[in-house]
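Please write a short report on the structure below.

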Amino acid sequence: LEFSALVTTFRAIKLTGDSQELNKKPFGLEGEEDDMLSQGWSRKGPALRNRAQLPPQMEARFPPSLMSLVSSTIGKDLATVDLPITLSEPISLLQRNCEDLEYSEILDTAAQTGDPHARLAFAAIFAISHYASSDERFDKPFTSFAGETYEMINQHQGEGFRVVIESLQRAPAQVALHAESLGIGVEWKYYYSIKLEQAFYGKSMELASKGYLHIEFPKYGDHITYTLPTTCVHNVVFGKMWVENYGDIEFRNHATGDRCLFTLQKSGWKTSKSDVGSVRGILLDSNQVLKGEIGGNWKQEMYYKRPGKPPTQVWKTKPRAPQLATH
């Protein structure tokens, strides 16, 4: 209560106008204002600063008493099963889905190029960037109730995006998302309505998404659709957990007939460690003529190569917190 009172007083000092009487420091605050300012506070309230470290270390994931629960969930959709809170991270499913837009600057770049093949390649790389946040991240978000909505506006110097997402169904989870760029005119749109299915198979857990995702560039009339690959978390109960995304993806621009065909490498006993997470793709025009190649790793970076030219780096992951796997 005392701490809240200090914050309120700081706001009052800032908001009061020319009244000298109101601008006087309240009794008992002599010296405390300077201390709080030195700790990162301002007279408008708490200063916005990035965290220097993550919260306390997470609890044990699967104590022995939970083994009976694990055996009873095999083959079931996890949205219908009551799981221990230690298996969840402190965000909702809607918030987790909004993380797809972490690298929205790729779409900003695509909207500025007049090359339709480059726009399709950039849109495909944007879709691959969704999976970077899943690396070394094993907890599930809390399931959202039907009708629950979440809105986020990310704006900087007149640019950015706005996203609205709603939970259409709780079990199995189904969500609808719509995002578009901010600024002068809408340069791109990103939206979908998909059903999320989660299944546990004893040693691994799979997440499959049913439905099409859409990217539009209104200035050029582009309408790109694609589906999502399968995400699998290995060694859920015993051993070191790790995540992989695998499968084939087809990106199609319905305005031009161009296609981008992707393959996310699935691990196997012949797969080397360096190949885990690798992505390979080709870009074809409406006449099935090769117009470019895409390669890289969904955990690190992606490149786009035009015929006869050296590859260009389009995307690279941002640094992650070092304690991400244990906090």
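## Salt bridges

Arg-259 and Glu-250 join through their side chains in a salt bridge, at 3.3 Å from N to O. The model is predicted. Arg-259 is buried, because its relative accessible area of 18% falls under 20%. Glu-250 has 32% relative accessibility, so Glu-250 counts as partly exposed. Side chains of opposite charge can pair when their charged atoms come close.

The count of salt bridges comes to seven.

| Pair | N to O distance |
|---|---|
| Arg-259 and Glu-250 | 3.3 Å |
| Asp-115 and Arg-306 | 3.9 Å |
| Glu-151 and Arg-162 | 2.7 Å |

Take Asp-115 and Arg-306, whose closest N and O atoms are 3.9 Å apart in a salt bridge. This pair links distant parts of the chain, 191 residues apart. Asp-115 sits in the loop between α5 and α6, and Arg-306 in the loop between β17 (301-305) and β18 (312-316). Asp-115 is partly exposed at 26% relative accessibility. Arg-306 is partly exposed too, at 27%.

Now take Glu-151 and Arg-162, which form a salt bridge at 2.7 Å. Glu-151 belongs to strand β5 (residues 149-156) and Arg-162 to strand β6, so the pair ties together parts eleven residues apart in sequence. Glu-151 is partly exposed, with a relative accessible area of 42%. Arg-162 is partly exposed at 39%.

Salt bridges also link Glu-89, Arg-96 and Glu-99 in a network.

## A charged residue without a partner

Asp-100 lies in the loop between α4 (93-98) and α5 (105-110). Is Asp-100 buried or exposed? Asp-100 is buried, yet has no salt bridge. The nearest side chain of opposite charge is that of Arg-96, 7.2 Å away. A salt bridge needs the atoms to be within 4 Å. Setting aside neighbours within four places in sequence, Asp-100 is in contact with Phe-126, His-130, Tyr-190 and Tyr-192.

## Helix α6

Helix α6 covers residues 116-129. At 1.5 Å a residue, its 14 residues should span 20 Å, and its end C-alpha atoms are 20 Å apart, which agrees. Of the 14 residues in α6, 13 are buried, so the helix is mostly covered. Asp-115 caps the N-terminal end of α6. A side-chain oxygen of Asp-115 lies 3.0 Å from the backbone nitrogen of His-117.

## Strands and hairpins

Strands β6 (residues 159-169) and β7 (residues 173-182) run antiparallel, joined by nine bridges. Glu-166 stands opposite Ala-176 in β7. A hairpin of three residues connects β6 to β7.

β7 also pairs with strand β8 (residues 189-200), in the antiparallel sense, over eight bridges. His-178 has Tyr-191 in β8 as its bridge partner. The hairpin of β7 and β8 has six residues between the strands, and there Gly-183 takes a positive phi near 120°.

## Thr-231

Thr-231 is found in strand β12 (residues 230-234). Thr-231 is buried, at 14% relative accessible area. Which side chain makes a polar contact with the side chain of Thr-231? The side chain of Asn-245 does, at 2.5 Å. Leaving aside neighbours within four places in sequence, the contacts of Thr-231 include Tyr-131, Met-205, Leu-207 and Val-243.

Notes. Residues numbered from 1 in each chain as written. Predicted model: local features only at pLDDT ≥ 70, side-chain atom pairs only at ≥ 80, totals over all residues. Heavy atoms only, no water. Helix = DSSP H or I, 4+ residues; strand = E, 2+ residues; numbered from the N terminus. Buried < 20%, exposed > 50% of the residue type's maximum accessible area, 1.4 Å probe, protein only. Polar contact = N/O pair within 3.5 Å; in protein donor to acceptor, adjacent residues only side chain to side chain. Contact = heavy atoms within 4.5 Å. Expected span 1.5 Å × (residues − 1). Lys, Arg positive; Asp, Glu negative; His and termini not counted. Pairing = 2+ DSSP bridges.
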